[in-house]
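Keep the picture beside you as you read.

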Amino acid sequence: MHFGSDNQSGASDQVFAALAQANRGVSAAYGDDDWTQQAVAQIQTTFDSPAEVFFVSTGTAANALALACMSSPWQIILCHAQAHIINDELTAPEFFTGGARLIGLDAGREKLSLATLTQYLSRGSAHPPHNAEPAVLSLTQVTESGQVYSIEELTALCAVAHQHGLTVHMDGARFANAVASLGCHPAAMSWQAGVDVLSLGATKNGALGAEAIVFFNRALAANLVPLRKRSGHLVSKGRWLGAQFSAWLSDGHWLDLAGHANRMATHLEQGLLTCPASRVVWPVAANEVFAILPRPLIEQLRAVGAVFYEWPRHFVPSHFNLSSDDEVVRLVTSFRTSADDVSTFLDHLNRSVSV
């Protein structure tokens, strides 16, 4: 009953086997190996794009390095107020960009709305050099609330950003779950919608620690090579990253893993909806479930081994009218989650409620 995070799920057997194979013999270092070159080609084929591709081992590095290539220290990066880059990466984006300011919008919504972005960007020009000007819009797909932007929503947001001279970054830590949810081509949800740079995450979905920075707008990659080296994120044995991505993408494995995680979240949601003691906050769109549970029930579930975490109350829509005894929890499913895991959790939930 482990629903703490999809970061906790380890590597898929296919990815792990690729690591074992890459471990044989010797290979060129710093990404000049065959594994890495193959993985780059696979990403380009997957996205139908001659993108520039670079590998790092953490999502924070992927996001921060991408944003450093897209902005100057005196500029603004816009994002949703719940975004990972503004809430959960300390000040890494500010550090890597040299001081670019992050501004979060639409804190009370589960997604960044087109109306809010349009209103913000339509206020008129800043007064340089006294005021910072926005340079980048960063969108998270899947969002921190477990929601998925439709292709139409992404296209509209990117279009407004480009109209005002911004480039668009996508934090795709759960990009695979979003593709599986929408059933679309990866290109449709990225560069065809207007995304310039994608942080493509494999770690949460079957890899040990593998992230890619994908520059669809190739000109923006001009400084990535020295930035990655200077920041300590050029991995000497780069084949470990290339091997993971190559296996992850082969034969649609990444989407199989994500699709399973999504289905388990839907199973979990259905059980929570039938329990009178729980309230589901947002409809499940990918592999995260957000629910409101009484504190005593949470303690009972943890006592029998359930793992999950609380979520900030102020991110929940006000119409839920949380009491002092209510807590908001996030439950995350992964490729490792089984139907038995979900059923066992729901059995404990219903037994605790009936006591």
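Helices, of at least four residues, and strands, of at least two, are DSSP runs, numbered from the N terminus. Counted this way, the protein has 13 helices and 11 strands. Keep in mind that this is a predicted model.

How is the whole chain packed? A compact globule of 355 residues would have a radius of gyration near 20 Å, and the 21 Å of this protein agrees with that. Along the principal axes, the C-alpha atoms fill a box of roughly 60 × 60 × 30 Å.

Here are some overall values for the protein:

| Property | Value |
|---|---|
| Share of the 355 residues that are buried | 55% |
| Share of contacts, between residues at least 6 apart in sequence, that join residues at least 24 apart | 76% |

As for charge, the protein has 21 positive and 31 negative charges, and their mean positions lie 5 Å apart.

Now let's look inside. In soluble globular proteins, nonpolar side chains tend to be buried together. In this model, the largest nonpolar core has 56 residues, and Ile43, Leu137, Leu200, Phe245 and Trp248 touch the most other members. Which residues does Leu137 touch, leaving aside those up to four places away in sequence? They are Leu78, Leu112, Leu117, Leu157, Ala161, Leu166, Thr167, Val168 and His169. Another core, of 27 residues, lies apart from the largest one, and its members include Val56, Ala66, Ala68 and Cys79.

Definitions and conventions:
Residues numbered from 1 in each chain as written. Predicted model: local features only at pLDDT ≥ 70, side-chain atom pairs only at ≥ 80, totals over all residues. Heavy atoms only, no water. Rg over C-alpha atoms; globule rule 2.2 N^0.38 Å. Buried < 20%, exposed > 50% of the residue type's maximum accessible area, 1.4 Å probe, protein only. Contact = heavy atoms within 4.5 Å. Lys, Arg positive; Asp, Glu negative; His and termini not counted. Charge placed at Lys NZ, Arg CZ, Asp CG, Glu CD. Core = buried A, V, L, I, M, F, W, Y, C linked by side-chain atoms within 4.5 Å.
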